[in-house]
Amino acid sequence: MIKPRMIVTGATGKTGSVVVTELLKAGYPVRALVHREDGRSARLKAQGAEIAVADISDAERVADALKDVQRAYYCPPFDPYMIQGAVAFAVAAKQARLEHIVGLTQWLASPSHPSLMTRQHWLVDRLFSMMPGVAQTIVNPGFFADDYLVTIGLSAHLGLFPWIFGKSRNAPPSNEDIARVAVAALMDPARHAGKSYRPTGPELLGAEDMAKAIGRAVGRPVKVVPTPTWVYMKAARMSGYAIDLFSGIRYYIEDHKRGAFELGAPTTDVLDVTGRPAEDFETIARRYAALHRNQRTFGNWLREFVQFMLAPLTPGFDLDRYDRELRRPFPSAPQFTTDSKVWRREHAIAEIAQGAALARDKSTSAIASPAQRLEF
């Protein structure tokens with residue numbers, strides 16, 4: 001039996017590359033949509049993927065890439081023109097008579113969020129849900145474990161774990177678990193169409209919990225260092241991160257502090273969808289600790305020390321100027337997720353919070369709440 005052809009957008013990214021690999025292992029023909037041909041796309045090609053080069057907003061090129069494709073993993077680019085790319089993809093998907101889209105979105109996605117990217121995620125989800133004849137599955141994780149492990153080099157070499165999220169917690173999933181949930185949905189649309197899944201790690205963790213897990217991974221004690229947001233932003237700019245990304249992250253920091261990622265977490269979605277338990281934070285941290293740049297050598301130590309000392313002295317992002325120059329739309333009454341009635345309704349927050357409280361009352365060691373299956 002001939003298996004359906006899959007297309008993966010963002011195919012060289014954190015989840016997209018894993019989706020490509022897992023689908024190829026399962027014997028599916030895969031077309032990897034990439035921005036350019038480089039070493040990352042060459043590795044996907046060597047695994048057996050067909051490479052298609054196109055910007056997601058280029059309607060004609062995307063239409064060409066979707067020819068003879070039946071199912072898609074849609075990972076939108078994190079940029080101000082996300083909605084334009086989604087519309088181009090939707091037009092091409094209709095022309096190609098695509099049967100199923102698995103879309104990566106955000107746990108925070110809501111219509112009045114102060115982050116343009118988050119508002120666009122919400123619109124993209126609704127756009128795909130209105131496409132006649134095309135099934136949709138939503139994958140909506142919160143902060144990835146990857147987001148907390150960006151600074152693992154600092155932990156390995158200086159024993160420090162910067163923390164900007166106050167006393168809040170999260171149950172962060174691995175890139176691999178998020179991808180595996182998407183792959184399972186792609187392989188069985190009949191089971192997963194119309195569902196929304198929130199992959200998480202197996203337990204809620206705060207700063208001290210994560211620092212201890214990272215310490216075990218890198219083989220040394222690691223101390224939590226409460227860090228002002230302005231220092232974090234300076235370090236991010238010095239490390240070469242795009243201003244587009246941090247125009248949204250500045251708001252996500254506040255969402256985190258307000259406990260948005262604690263609500264309803266952890267879930268059992270990874271286990272329920274893939275048949276495999278979610279990876280714990282220490283297991284994920286050990287993979288990052290094993291990377292060459294995080295090995296405890298003098299050269300790596302010197303790099304981390306210099307960056308740590310220079311970060312407070314370097315210029316940061318001018319995010320307000322960026323927003324003015326981009327002339328991006330802004331809601332008349334912006335709301336963080338925990339204040340949004342729409343978000344709370346769509347995520348069944350009252351029921352989730354009640355379920356979590358009941359679970360904690362029954363057992364302090366039990367998983368907080370079952371996975372929510374949200375129909376849309």
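**Around Phe-128**

Leaving out neighbours within four places in sequence, Phe-128 contacts Tyr-74, Ala-86, Phe-89, Ala-90, Ile-101 and Gln-136; contact means heavy atoms within 4.5 Å. This is a predicted model: local features need pLDDT of at least 70, side-chain atom pairs count only at pLDDT 80 or more, and totals for chains, interfaces and linings use all residues. Residues are numbered from 1 along each chain as its sequence is written, and side-chain values use heavy atoms, without hydrogens or water.

Now the helices. Helix α4 (residues 82-96) packs with helix α5 (residues 116-129) at an angle of about 15°, their axes 9 Å apart. Axes are lines fitted to C-alpha atoms, for helices over the stretch in contact, and angles run from 0 to 180 degrees between N-to-C directions. Helices (H or I, at least four residues) and strands (E, at least two) are DSSP runs, numbered from the N terminus. The angle therefore makes α4 roughly parallel to α5, a label for angles under 35 degrees. On the α4 side, the contact includes Phe-89 and Ala-90; on the α5 side, it includes Val-124 and Phe-128.

Next, the core. A nonpolar core is a set of buried Ala, Val, Leu, Ile, Met, Phe, Trp, Tyr and Cys residues joined through side-chain atoms within 4.5 Å; buried means under 20% relative accessible area, with a 1.4 Å probe and protein chains only. The largest has 64 residues, and Phe-89, Phe-128, Leu-149, Ile-214 and Phe-281 touch the most other members. Helix α10 gives the most to this core, seven residues.

Gly-206 lies in the loop between β8 (196-197) and α10 (207-218). Gly-206 is buried, at 10% relative accessible area.

Conventions:
Parallel < 35°, antiparallel > 145°, perpendicular 65-115°, else oblique. Buried < 20%, exposed > 50% of the residue type's maximum accessible area, 1.4 Å probe, protein only.
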